[in-house]
Amino acid sequence: IFMVLSLLSIVYGALRCNILAIRIKYDDYDVRVKPAAYLCIFLWRSFEIATRVAVLVLFGSVLRIWVFLVVLLNFLGFCFYPWVIFWLSKSPFPENIEKELSRVGTTIVLCLLTFLYAGINMFCWSAAQVELSDPDLISKSQNWYRMTVYYIVRLMENAFLLLMWYIYRTDFYLYVCAPMLVLQLLIGYCMGIFFMLVFYQFCHPCKKLFSSSITEAL
């Protein structure tokens, strides 16, 4: 019961962050979110987060040491990604975050922001993409390519982790239909991707402002 309540709480938080990110990106427009959009986001985040957590738990139950390496690589990769993009853009260091902050204070704030960004992306696609070269520190453009790469790599990673669990599973899972469980988790993650596509294609409140739809981008 507590696990279900925790999952619902996290999914609700992800839903609110999605809506908040949309309002920040399109603050010049009157954004009206319909009930269908709320439903799609809720199902999208539910399947995405639940299956991701389940995959990590199963993998960690048989390969306890290796799960720390997987988590660490994920965290460091997403943590340094915004900094790498920032350095490649050769943009000046952000100075207008807060006038009272020194350069060291600004660096600490940016590091904490990227830590939060990395923590979110370990489990689901972040609603707001960090862009250190932007004055608002948030990417205002819709990058379909980055989103597509994220979900393809994440699906492949989940499949690999489930394969390792299947190979090294212990007698504890003797009465569990392992192939069916693997199939259910992979289908569950694909269902999350499906509802994400439905949301951006049909239910996004600002889909008319996109330069191209997600199906065209794909």
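This is a predicted model: local features need pLDDT of at least 70, side-chain atom pairs count only at pLDDT 80 or more; totals for chains, interfaces and linings use all residues.
View 1. The largest share comes from α1, with 7 residues. The pocket has a volume of about 440 Å³. Its lining has 23 residues, and those closest to the centre are Cys17, Ile120, Ser126, Ala127 and Ala128. By class, the lining holds 19 nonpolar, 3 polar and 1 charged residues.

**View 2. The largest cavity has a volume of about 120 Å³.** A search of the whole structure finds 1 cavity of 30 Å³ or more. The largest cavity is lined by 15 residues. Nearest its centre lie Lys25, Trp125, Ala127, Gln142 and Tyr200. Helices α1 and α5 each give at least two residues to this lining. The largest share, 4 residues, belongs to α1. The lining divides into 6 nonpolar, 7 polar and 2 charged residues.

View 3. Buried residues in α4 are Gly105, Thr106, Leu110, Thr114, Tyr117, Ala118 and Asn121. An α-helix has 3.6 residues a turn, so residues three or four places apart point the same way. The cover over the buried residues of α4 includes α3 (64-89) and α5 (144-168).

**View 4. Arg154 is a buried residue in helix α5.** Its relative accessible area is 3%, and buried means under 20%, so Arg154 counts as buried. Leaving out residues up to four places away in sequence, Arg154 touches Arg52, Asn74, Phe78, Asn121, Met122 and Tyr189. One of these contacts, Asn121, is also among the buried residues of α4.

**View 5. An unreviewed UniProt entry annotates several stretches as "transmembrane region".** The annotation covers residues 6-24, 65-88, 108-128, 148-168 and 180-202. Two of these stretches are described here. Over residues 108-128, the chain is 67% helix and 0% strand. The end C-alpha atoms of that stretch are 20 Å apart. Over residues 148-168, the chain is 100% helix and 0% strand. There the end C-alpha atoms are 30 Å apart.

Technical notes:
Residues are numbered from 1 along each chain as its sequence is written. Side-chain values use heavy atoms; hydrogens and water are left out. On a 1 Å grid over the protein atoms alone, a cavity is a set of points where a 1.4 Å probe fits but cannot get out, and a pocket is an open set with protein on both sides within 12 Å along at least five of seven lines; lining residues have an atom within 4 Å of a point. Grid points are joined across faces, edges and corners, and a volume is the space filled by probe spheres set on the points. Ala, Val, Leu, Ile, Met, Phe, Trp, Tyr, Cys and Pro count as nonpolar, Asp, Glu, Lys and Arg as charged, and the others, Gly among them, as polar. Buried means under 20% relative accessible area, exposed over 50%, partly exposed in between (1.4 Å probe, protein chains only). Contact means heavy atoms within 4.5 Å. UniProt positions are given in the numbering used here, feature names are shortened, and annotations may be inferred rather than shown by experiment.
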